[in-house]
Structure formats: C-alpha cells, structure tokens
Amino acid sequence: MTSKTATPPEDTGAPRPGEYKVNSLTAADITASLKAGFADFLARPFMSGFFGLFYAVFGILFVWCLVWLGKIWMIIPAAVGFPLVAPFAAAGLYEMSRRLQTGEPFGWAEILTVMAKQRKREMGWMAFVTLFIFWVWTYQIRLWLAIILQDASFSDFGGFLNTVFLTPQGWTFLAIGTCVGAALSAVLFSVTVVAMPMLLDRDTNFVSAMLTSVRVVTENPVVMLSWAAIISVAVLLSLVPAFLGLIFTLPILGHTTWHLYQRAIPSDEG
C-alpha cells in the first residue's frame, strides 16, 4: 500500500469560517471617521448629548460617593479608570449612527429599545469583560497603595494629592500605577474597540467580536494606537471640568468609533 502524505491547503489570505475580513487602515480613515462622527453629533445634538450627560452625571455621583464613604484614595484611580466602561455606555450612539447612515427614522423609543435588547444578546458578556477589567484596575491600585504608601494617611483629597505628587513614595506609586493602568487599558482597548459596535451590528458572539477587534489592532497597530491616544487625551481633558466635558466628547467619540468600525471590517455583503 502506498501511503500518501496530506498536503496542507495553501493560505490564500481569505478569512476562515467564522472569521471576518479586516481592512488595512490609514490616518485618513481616522480623519474621515471623526468628520462623520461630528456630523452625526450635529445631526442629533440633544439626543447625543444626553448620553454624554448621563455618563458625566454618573461620574460626578461616583466621585461624590467615594468622598462620602471616605475613600479619598480612590478618586484619582476612579476618575482615570472610569472611562474604561465608555465603549459599553456608547451603545445608543452606535445605533444612532447606524440609523443616520441608513436613513432610518428614529426617536428615543427606538434607540432605548435597541439598547434594552442588548441585555439578552452578547453585549452583556462584553459588559462583564469591561467591568471585570475595571475591577482589576481598582484592585491593583489598592494593592500598590497598601505596599508603597502604607504609612500615609489621607484625611482629605488635598492630603492625598500632596502625598502622591510631592513625595518619593508617591512618585513610585504613580509610576507603577501608570504602567499597570496603561497595560490594562491597552488590553481593554484591543478587545473592545470594534467589538462593541460589531455586536450591535451583526449576529455574532462576543468571543468572535473580541478576537476580530484584536486583529484590527494588531494588523493596524500605528493607526489604532493613534486612535487610542486621541481617545485618551480627549477623555482626560474632558474630566478636568468636573466630568462635564464628556457631554460633548463621549458622543463624538462614540459616533466616530462606529464609522471607524465600518471602515475596519467590511460589510457581509461586501
């Protein structure tokens, strides 16, 4: 009997079953997406701004609760880490952009209904992933706080700022916290940047959406890291005026993310 060795099929570059094709992106795609996102915001400024306002008010109440509970040390980590859950909060914005693009009429009922339906779909699992990473962020901050600033006491927010920014121990705490936070943010950005709009737009599971999102980042590292930097700077600047800048930046970034997602992953028909 003659034995035959099976020859593996050639890699044609086509996506395997269950995979999605990922386009190559350039800086022009970010520019075009930003223009489209800003246009979506201007098309429905009050509805878009509502999502930003809700997010800002929630952030203010969150910080107030930390002060009330005496968790002064949590204010900066919470303010910095809070935007990590923004992709999930932007689900309504993605739906608005989708309907504006297709010309479908919509009002509050249509958008809120779509958002409510996401609880029974795969986006609920993505929310769990997002909140879990946020929990890891807060836990590791508490850990490094106990290790590095164990002898410090924070009677008020001013005392906490003085300890963190004006002492060698505080500088060490900031350096380590920044590095760990950057790593967690990079992971979360990679698995969610297009996964959230993809789950709203397509009938797929959250694992496939996350893997596709990671592929978009790894195959377009410079462009996607640039987009991550734009998001980070815009959100951090928005936090300065007591979170109120998020009323404008969150909607624009959310609408822009939708258009960037569409440029990154071609439609099933295409």
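Helices here are DSSP runs of H or I that span at least four residues, and they are numbered from the N terminus.

**View 1. Overall fold of the predicted model.** In this predicted model, the secondary structure of the protein comes to 13 helices and zero strands, so that a reading along the sequence gives the pattern α-α-α-α-α-α-α-α-α-α-α-α-α. Of the 270 residues in the protein, 44% are buried. When contacts between residues at least 6 apart in sequence are considered, 77% of them join residues at least 24 apart.

View 2. D29 has its place in helix 1, and its relative accessible area is 12%, which lies under the 20% limit, so D29 is classed as buried. Once the neighbours within four places in sequence are left aside, the residues in contact with D29 are S24, L260 and R263.

**View 3. Crossing of helix 1 and helix 2.** Helix 1, covering residues 27-43, and helix 2, covering residues 45-68, have axes that come within 5 Å and cross at roughly 105°. This angle falls in the range of 65 to 115 degrees, and the two helices are therefore roughly perpendicular to each other. On the side of helix 1, the residues that meet helix 2 are D40, F41, L42 and A43, whereas helix 2 contributes P45, S48 and G49. Sorted by class, this contact has four nonpolar residues, two polar residues and one charged residue.

**View 4. The largest nonpolar core and W227.** The largest nonpolar core has 67 residues, and those with the most contacts inside it are V216, M224, W227 and I265. Helix 7, which covers residues 123-148, supplies the largest share of this core, with nine residues. In soluble globular proteins, nonpolar side chains tend to be buried together. With neighbours within four places in sequence left aside, W227 is in contact with I30, L34, F189 and V193, and also with L253, T256, T257 and L260.

**View 5. Cysteines C65 and C179.** A search of the whole structure finds zero disulfides. C65 has a relative accessible area of 32%, which lies between the limits of 20% and 50%, so C65 is classed as partly exposed. C179, by contrast, has a relative accessible area of 56%, which is over 50%, and C179 is therefore classed as exposed.

Conventions. Residues are numbered from 1 along each chain as its sequence is written. This is a predicted model: local features need pLDDT of at least 70, side-chain atom pairs count only at pLDDT 80 or more; totals for chains, interfaces and linings use all residues. Side-chain values use heavy atoms; hydrogens and water are left out. Axes are lines fitted to C-alpha atoms, for helices over the stretch in contact, and angles run from 0 to 180 degrees between N-to-C directions. Angles under 35 degrees count as roughly parallel, over 145 as roughly antiparallel, 65 to 115 as roughly perpendicular and the rest as oblique. Contact means heavy atoms within 4.5 Å. Ala, Val, Leu, Ile, Met, Phe, Trp, Tyr, Cys and Pro count as nonpolar, Asp, Glu, Lys and Arg as charged, and the others, Gly among them, as polar. Buried means under 20% relative accessible area, exposed over 50%, partly exposed in between (1.4 Å probe, protein chains only). A nonpolar core is a set of buried Ala, Val, Leu, Ile, Met, Phe, Trp, Tyr and Cys residues joined through side-chain atoms within 4.5 Å. A disulfide is a pair of cysteine sulfur atoms within 2.5 Å.
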